[in-house]
Amino acid sequence: MIGVVGLSHKSAPVHIREKFALDKEEYTDLSQTILKNKNIGELVIISTCNRTELYFTAEECCSPGAFHILFHYLKKHIDEEDGFESHFYQYETKMAVNHLFRVVSGLESMMLGEYQIVSQIKEAISHAEEIGSAGKILTRLFHKALETGKQVRTKTAMSTGAFSVSYAAVEKCSSIFEQLPDKKILLIGAGETGELVIKNLYKKGCQNIVVTNRTTSKAEELAQRFCGSAHNFKDLESAVGDADIVVSSIACKTPLITPQVLSSSNTEKQTVFIDLGVPRNIDPRIAEQKNITLYNVDDLEEVVAQNMEKKKTYVATAEKIITRKTNEFSDWLSVQNLSPAIQNIILGVNEINQSELAVFKKFHNEEEYQNMEKYGKHIAEKLVKSMIRNLKNISDNGRKTEYIKVINDLFSPSHD
């Protein structure tokens, strides 16, 4: 079976999601730990600000057992007792496939149709292939998902307009400040999200933008492209104090901006903080201070609602594409179920043929043997073709797996 265990902005608030946010090292460690369990065959993890999902294959145990295994390792990862499961959804087989196709198409995103999820899914499958946690089934699944997402965006205008939380963050700033281009803006983080933020700010006419990042060269390169300036990450406190707007989207396990960081700031001017990080970059306690307004990714619902209204006309078309692509993948997966059985049929028939030919050879001359060998090969091929055709018909092209198991058992090399 293929399964997925996950949580997203739809099922869990940010303070729960941040517990399960994984960086690359944690992704690798968790994957390798889970795959030590012989019941889990393959694993790909998606971890973004709005979702953490574990896609897996399991052949030797029932679906409840497989989901139990995944929850066991998730519990160990965050080192907490039971209780978090209620925030997770779990799907298997066709529903799991359909869910991934919806995710990559932007139908499950906070911003309907957002494109950033595509690069995040590419990164997830690339890393899984790199560490060896993705095999034939999940590699095919994720590449089919990317194909589906591309077709959805080609056939609809799903990705036009507001396409990310980065856009929503800028729209929120625009609604707060009438003269947004006049404001001093600090952008913390020069990754993909940070780039989308500064790009959208630049479109709004903002040029008084300061970028800071752990890697100074990345901050300088990004700032230069959008007429901004770079600031030394070590002097974050002074940069925060100078800004009217602070947008943070950096990977960190503990908050960068705390009440202590703001202790020396000018509390007489209004400052807006937008935290796009998961785990959160900004300590929520700063919102208690005078003239400070704080938004996190879950606070952008108003902009999201407006985006949904514009885009929902495309959803029906997208869902038709996703249904067709889900069926295509399910058909391919079902045929894969037949491969071991077909191999066993071929091996079994050929073994019987070779065994009987060996006996025949002892009592007949070379000419008779060669004639019998040709005839035996002809009969074996006809028998194999007939049995495979019957196998496909009886098993509904691999969908009725209980029949395949019987065939595997009948032609297993261990049987005499």
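Two aromatic rings, from Phe, Tyr or the six-membered ring of Trp, count as a pair if their centres lie within 6.5 Å. With that definition in mind, I turn to the structure above, which is a predicted model.

Let me begin with the aromatic residues. Phe-20, Phe-71, Phe-84 and Phe-88 together form one aromatic cluster. Across the whole structure, a search finds ten aromatic pairs. One of them joins Phe-84 and Phe-88: the ring centres are 5.7 Å apart and the planes stand at 70 degrees, so this pair is edge-to-face. The cut-off behind that name is an angle over 60 degrees. Phe-84 is buried, with a relative accessible area of 6%, and Phe-88, at 10%, counts as buried too.

How are the rings of Phe-329 and Trp-332 arranged? Their centres are 5.5 Å apart and their planes make an angle of 35 degrees, so the pair is tilted. Both residues belong to helix α11, residues 301–362, where they are three residues apart, about one turn of the helix. Are Phe-329 and Trp-332 buried or exposed? Phe-329 has a relative accessibility of 1% and counts as buried; Trp-332, at 17%, also counts as buried, because the limit for that word is under 20%.

One further contact involves a ring and a charge. The charged end of Lys-361 sits over the ring of Tyr-369, at 4.9 Å from the ring's centre.

I now move to strand β1, residues 2–8. Seven of its seven residues are buried, so the strand is largely enclosed by the rest of the structure. Ile-2, Val-4, Gly-6 and Ser-8 lie on one side, while Gly-3, Val-5 and Leu-7 lie on the other, and both faces are covered. Which strands pair with β1? Strand β3, residues 51–58, pairs with β1 in the antiparallel sense over seven bridges; within β3, Thr-52 is the bridge partner of Leu-7. Strand β4, residues 89–92, also runs antiparallel to β1 and is joined to it by four bridges. There, Val-5 stands opposite Gln-90.

Finally, the largest pocket. Its volume is about 1200 Å³. It is lined by 46 residues, and the closest to its centre are Leu-22, Ser-47, Gln-120, Glu-123 and Ala-251. Which element gives the most to this lining? Helix α5 does, with six residues. At least two residues each come from α2, β2, α5 and α8.

Notes:
Residues numbered from 1 in each chain as written. Predicted model: local features only at pLDDT ≥ 70, side-chain atom pairs only at ≥ 80, totals over all residues. Heavy atoms only, no water. Phe/Tyr/Trp six-rings, centres within 6.5 Å; stacked < 30°, edge-to-face > 60°. Buried < 20%, exposed > 50% of the residue type's maximum accessible area, 1.4 Å probe, protein only. Lys NZ or Arg CZ within 6 Å of the ring centre and 35° of its normal. 1 Å grid on protein atoms, 1.4 Å probe; cavity = no way out; pocket = protein on both sides within 12 Å on 5 of 7 lines; lining within 4 Å. Points joined across faces, edges and corners; volume = space filled by probe spheres on them. Pairing = 2+ DSSP bridges.
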